[in-house]
Structure formats: structure tokens, C-alpha cells
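I opened my notebook today to look through a new structure step by step. Here is what I looked up, in the order I went.

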Amino acid sequence: MLSSWSTQQDCCGWRGVKCDNITTRVTQLSLPCSTIPPTYIDEEDKSHCLTGSIYLSLLLLEFEFLNYLDLSNNDFLAIKFDSMHSQNCHNLSVATPPRQCVNSSALRYLDLSLNENLAMNSLQWLCFISSLEYLNLNGINLHKETNWLQLVTMLPSLSELRMDGCQLKDLSPSLQYANFTALRVLDLSKNKFYSELPKWLFNLSCGISDIYLYSSSLRGQLPKALLNLQLLEALILESNNLSGPIPNWLGELEHLQYLNLVRNMFFGSIPINLGNLSSLIVLAVGRNQLTGVVSERNFVKLSKLKILDIYSSPPLIFDFESHWVPPFQLEILVFGFAGPYLPEWLYAQRSIELLCICESSFKAQGKFWNFVSRVTELQLRENLIDGDLSNVLLNSTFLDVSSNDLKGYLPQLSSNVVFNL
């Protein structure tokens with residue numbers, strides 16, 4: 001990774017190093033490791049990545065003007081902030097660091113994510129980098145740090161916090177206020193909180209826009225206090241144990257662009273008010289216990305919608321006007337429905353790349369097969385599609401027509417098909 005780092009060349013020309021055009025001081029170190037995604041049986045190969053210890057105190061002292069540090073996806077084993085490199089700032093056990101340590105760095109961007117073997121038992125060192133605006137610790141085991149929330153709130157300029165998959169356990173659900181003053185993006189996904197959404201989240205006065213809390217063992221209902229977050233653009237709560245009805249008042253979050261409530265325990269119907277969210281790009285409420293009727297009233301103003309997932313088992317009842325033309329052009333559509341006929345509005349979609357229709361019973365005629373020939377990924381599993389498909393040419397790269405009621409010969413497959421079931 002450091003093959004270009006040679007004393008024969010000015011360091012500003014080294015890979016991953018960026019200097020100020022005027023002072024020539026180093027301002028950025030960007031050294032993420034590029035790896036090939038692992039196969040089913042092999043582990044990710046990081047033998048060519050950086051390893052050893054990160055001497056953060058040395059970096060901050062020697063690189064006085066460093067404002068950007070990206071060491072993501074490497075194989076570092078330890079992070080050190082010790083007296084060897086900082087005589088005044090070495091005691092991480094004290095509650096209040098010495099005055100000269102605070103704001104001792106220009107560092108604003110720090111990404112240590114995906115260093116899975118990095119031993120990090122404490123986040124006390126954060127108090128020495130109070131200038132941080134972006135912090136990404138995704139994938140680092142922090143289960144021993146029980147005071148993480150208090151420590152990250154000591155960063156007054158922090159606008160983006162990512163602690164996805166850090167094995168955090170305490171979300172402090174009863175805490176009324178957390179002293180975030182600039183936070184815009186919060187990602188605490190894939191942790192094990194086993195609690196309700198925390199009260200402090202709804203009392204943030206900093207205008208948070210993005211909340212990612214998928215796969216975090218959350219429970220309870222969505223509190224109406226969510227309406228306090230009027231600038232919210234993304235609410236991602238997929239794969240939790242949230243329950244109750246999907247609230248109608250979610251339709252009052254007028255800036256919402258991404259709403260993902262998939263794989264929870266919500267019940268009842270899809271609120272009509274969600275159709276008023278004119279900025280919505282993603283509406284995903286599938287894999288819940290939803291019932292009732294879906295009609296064009298659910299999608300009145302959704303002209304920007306690109307992803308729609310309303311699959312429920314048993315399927316929802318569709319009651320669309322036959323001549324209704326949707327205001328959107330979808331890229332991904334996942335649904336199931338009760339009834340013998342496909343909704344006519346499906347054929348008005350010209351941009352679909354992934355189409356999933358599951359647990360439905362419908363007549364698949366020539367018009368349908370001509371339509372899906374343009375779809376890259378086609379999933380028609382667990383339907384009751386009845387018929388002989390021997391004259392049908394299937395063209396999708398990914399194809400799943402398993403668990404149906406097909407008879408006669410297999411359909412014809414084009415050379416585009418790479419994977420089929």
C-alpha cells in the first residue's frame with residue numbers, strides 16, 4: 001500500500017497524502033485498504049493491508065495541520081494515545097483532560113471503520129480531538145465501552161456519527177437529553193440495545209436529518225415525539241421488533257425521503273397519509289403483519305418514489321382504478337396481492353430493475369412475460385402461476401420462479417440468465 005512512499009519523491013506526491021497548496025503542510029491521509037469481497041468459505045484477504053498499532057497521539061503531534069484521516073478496512077490491532085508521544089495528554093483515566101489537550105488537533109474527519117481486529121476498550125481518547133466533525137467506527141468491537149454516549153457528546157462539532165456493528169448495548173432509553181449540538185447523521189445499526197427508541201433522540205435541537213437503527217433489537221411503538229424531528233430525511237428502522245400500527249402522523253414529516261420499516265411487527269393498514277410525502281424516494285414497509293386495502297390514495301403525491309416494498313403475508317388487497325397512472329417510475333418493486341389480476345399500473349413502469357411478486361395468485365399472460373423480459377432481476381417465488389411456459393422466453397439475469405404451479409415444459413432461457421431457481 002505504501003509502495004509510492006519514497007524519499008526520492010516529495011511526500012505530497014505519495015499515495016494517499018494531500019498537502020495544502022500554499023503551505024505544503026500535510027492536511028490529509030487517506031489510506032483505506034482495497035479488498036475483494038470474501039466468498040462463502042474464504043475470509044477476506046487483508047494480508048496486503050496496514051497492520052500494527054495506530055499511534056494517534058504521534059499523528060496529531062507530528063501532523064499539526066492534519067484534518068482528514070481515513071484508515072478504514074485495514075487490519076490494525078491497537079490504538080494508542082500515550083505519554084511517549086504526548087507528555088501532557090497521556091492520562092486517559094482522568095475525567096477532565098488538561099486544558100492544553102482540548103482542541104489540540106485540527107482533525108475533523110476520522111474513519112477507522114472495518115478494522116475488525118482493532119482492540120478498542122475505551123473511547124476516552126476522543127476528548128483530545130474535540131474538533132471532530134465526522135467519526136466512523138463501524139465494525140469495531142466496543143462492548144467494553146459502557147460510557148460511549150457521554151464521550152461522543154463531548155465533541156461539539158460532530159455532525160456525522162457512525163457506530164454500526166460495534167456491539168454496543170446501552171442506548172440510555174430513559175435519558176431525556178444528549179448534548180449533541182451539530183449532529184445531522186446518526187448510524188447505530190446492528191447493535192444489541194433491546195430497548196425502546198431513546199427519549200434523547202426526540203429532544204435533539206440540532207436538526208438531525210438521518211437516523212439509521214436497523215437490526216438493533218429495538219422494541220415498542222413509534223412515539224409521536226418523532227414529529228419533533230421536522231428536518232428528518234431518512235428513518236431506517238428495518239429488522240427490529242417494533243410493533244403497533246404504522247402511525248398516520250408519519251405523513252407530517254414533509255422532508256422525509258427514505259422510510260424503511262421492513263421486518264418488524266407492525267400491524268394494521270398502510271396509512272393513507274404516507275401518500276402525502278412528496279419527497280419520498282423509498283417506501284419500504286414489507287415483511288410486517290399488515291392487512292387491509294391498498295389503492296391509488298396511498299400514493300397520491302409520491303412522484304419521486306424509486307423503491308416500493310409493500311409485501312405482506314397474507315398479501316394486501318389491491319383496489320386500484322384500472323386506468324390509474326402512477327406519478328412515479330420505480331426501480332425496485334416488491335409486493336404481493338390478493339386477486340386474480342395484476343394491477344394495470346404495473347405496465348406503466350419503464351425503469352424497473354428488480355421485480356418481486358410473492359405469495360400471489362394471478363394469470364400470467366403474454367403481456368406480463370413481455371413486460372418482465374426487460375427486468376434484470378425477477379423473483380416470482382411462492383405464487384400460484386398456472387400454465388405452460390414452454391413458449392415463454394425468460395431474459396432476466398437473476399431469475400426465481402420456484403414454488404409455483406407450473407405445468408408442462410420449462411420456459412426458454414436466454415443467454416442473459418446467470419442465476420435461476
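My entries below go from the whole chain to single residues.

**Entry 1: the whole chain.** I started by noting that this is a predicted model. I looked up the secondary structure and found four helices and 30 strands in the protein chain. Next I checked the extent of the C-alpha trace, which spans about 80 × 50 × 40 Å along its principal axes. The chain has 421 residues, and 48% of them count as buried.

**Entry 2: surface and charge.** For charge, I found 28 positive and 39 negative side chains, with the centres of the two sets 4 Å apart.

**Entry 3: contacts along the chain.** I took the contacts between residues at least 6 apart in sequence and found that 53% of them join residues at least 24 apart.

Entry 4: In which sense do β1 and β2 pair? I found that β1 (residues 17–19) and β2 (residues 26–30) are antiparallel, with three bridges. Cys 19 stands opposite Val 26 in β2. Six residues lie between the strands of this hairpin, and Thr 24 has a positive phi near 60°. I followed β2 onward and saw that β2 also pairs with β4 (residues 68–70), this time in the parallel sense and over three bridges. There, Leu 29 stands opposite Leu 69 in β4. A reminder to myself: strands of a sheet pair through backbone hydrogen bonds, either parallel or antiparallel.

**Entry 5: an open sheet.** I looked up a sheet of four strands with parallel pairing, in the order β11-β13-β15-β17. The partner β15 (residues 265–268) pairs with β17 over two bridges, and Gly 268 has Leu 290 in β17 as its bridge partner.

**Entry 6: Asn 383.** I finished with a loop residue, Asn 383, which is found between β24 (377–379) and β25 (386–387). Is Asn 383 buried or exposed? Its relative accessibility is 2%, so Asn 383 counts as buried, the cut-off being under 20%. The side chain of Asn 383 reaches the backbone nitrogen of Glu 359 at 3.2 Å. Leaving aside neighbours within four places in sequence, I listed the contacts of Asn 383, among them Ile 357, Phe 362 and Asp 405.

Methods. Residues numbered from 1 in each chain as written. Predicted model: local features only at pLDDT ≥ 70, side-chain atom pairs only at ≥ 80, totals over all residues. Heavy atoms only, no water. Buried < 20%, exposed > 50% of the residue type's maximum accessible area, 1.4 Å probe, protein only. Contact = heavy atoms within 4.5 Å. Lys, Arg positive; Asp, Glu negative; His and termini not counted. Charge placed at Lys NZ, Arg CZ, Asp CG, Glu CD. Pairing = 2+ DSSP bridges. Polar contact = N/O pair within 3.5 Å; in protein donor to acceptor, adjacent residues only side chain to side chain.
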